[in-house]
Amino acid sequence: MRASRLVSLLLLLQTRDRMTAQQLADTLEVSVRTIYRDVEALNASGVPIYGEPGNEGGYRLLEGYRTRLTGLTASEAQMLFLTGLPAAAAQLGLATAVTSARLKLTAALPAELRDRANRVADRFHLDAPSWYHEGDPTPHLAVVADAVWNQHTLQIRYLRWTKPQEITRIVQPYGLVLKAGHWYLVARHPGQFRTYRISRILDAHALPDSFDRVEDFTLAGYWHDYLEHFDQRRHQHQATLRVSPRGLDLMPYLVEPAVVHAARQTSTGPDPQGWTQITIPIESVEAALPELLKLGADAEVLAPENLRAHIIRTLRAMNHVYESTNAPVTSPRQPRRRSVDQLGRARAADVQ
């Protein structure tokens with residue numbers, strides 16, 4: 001374990017030129033004290049690592065020193081073909097480059113490791129988009145990706161959800177994130193990091209000006225914090241419901257995880273009819289309506305009053321549509337009611 005960590009520390013310094021003890025500790029998921037001990041061990045074995053003091057300091061390798069400890073292990077070779085998403089690379093305009101790189105890496109491997117890597121490629125496929133939704137159209141993704149890579153400022157015309165909807169901004173593009181089939185741009189404007197959905201960019205072109213990145217910014221760290229506070233920013237209201245036992249069982253298959261979690265945390269009952277009262281977060285009355293209608297007659301909205309009234313109006317309008325049609329008087333055949341388990345399996349897997 002320690003030998004592997006020492007090699008990783010050495011390769012980090014070789015590829016990143018200079019890193020502080022704290023940066024090394026965060027990357028290798030150990031304490032700063034452990035990094036100090038590892039640096040001493042590498043020095044004792046003849047590796048020329050030295051430290052520079054000050055705000056711009058850190059550990060460095062003596063200029064010109066290169067390690068040859070770059071061979072792939074069997075496990076690393078197997079993971080070679082799990083590190084990329086061909087569809088995502090194609091959207092970025094890198095499909096040809098990715099294919100070429102994989103061929104060269106495969107050819108460079110010993111025969112045994114090559115077979116193991118190819119076996120993974122044959123037996124595992126990564127499909128990023130979520131079920132029942134197609135990916136967004138992203139005609140400007142390649143332009144944005146080029147600006148991110150070359151560190152050029154970017155002028156975008158963007159369609160927001162709020163008014164004024166169409167805006168033009170000059171941003172510093174820091175990175176791209178692919179989430180459930182949707183691409184997002186993380187950019188700085190002006191001095192504040194923001195997230196833009198690529199499919200809502202109406203026009204984009206890179207400017208000749210370059211920019212200096214904030215040194216302590218990490219894309220993965222920003223995205224983690226963004227997701228952590230996303231539901232808090234979006235769910236500004238609450239709704240109180242009565243839900244049947246079957247409705248509670250259906251919720252994990254029909255509504256988002258944040259709503260299911262809130263339902264479990266706030267449930268009281270059951271009442272004499274076996275129904276449970278829950279309080280769930282909602283974005284707005286308009287956004288909550290289609291989500292709650294998925295539960296059908298297994299849920300009743302108690303509050304807020306305007307959401308309850310909105311659902312009643314919708315149901316009356318639906319009833320009027322069906323009553324006004326020239327349907328036959330004979331009772332239709334009742335569809336077979338699917339169990340909760342069957343519904344969950346149907347939504348989770350491809351039914352042959």
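Trainee: Where is His182 found?
Mentor: His182 is found in strand β6, residues 182-188; strands here are DSSP runs of E with at least two residues, helices are runs of H or I with at least four, and both are numbered from the N terminus. This is a predicted model, where local features need pLDDT of at least 70, side-chain atom pairs count only at pLDDT 80 or more, and totals for chains, interfaces and linings use all residues. Residues are numbered from 1 along each chain as its sequence is written, and side-chain values use heavy atoms, leaving out hydrogens and water.

Trainee: Is His182 buried or exposed?
Mentor: Buried, with a relative accessible area of 15% (buried is under 20%, exposed over 50%, partly exposed in between, using a 1.4 Å probe and protein chains only).

Trainee: OK, new topic. How many aromatic pairs are there?
Mentor: The count comes to ten; rings of Phe, Tyr and Trp (its six-membered ring) pair if their centres lie within 6.5 Å, with planes under 30 degrees apart stacked, over 60 edge-to-face and the rest tilted. Take Tyr174 and Phe193: their ring centres are 4.9 Å apart and the planes sit at 90°, so that pair is edge-to-face.

Trainee: Which strands hold those two?
Mentor: Tyr174 is in β5 (residues 166-179) and Phe193 in β7 (residues 193-197), 19 residues apart. Tyr174 is buried at 3% relative accessibility, while Phe193 is partly exposed at 23%.

Trainee: What about Phe193 and Tyr222?
Mentor: That pair is tilted, because the planes are at 50°, with centres 6.1 Å apart. Tyr222 is in helix α9, residues 219-234.
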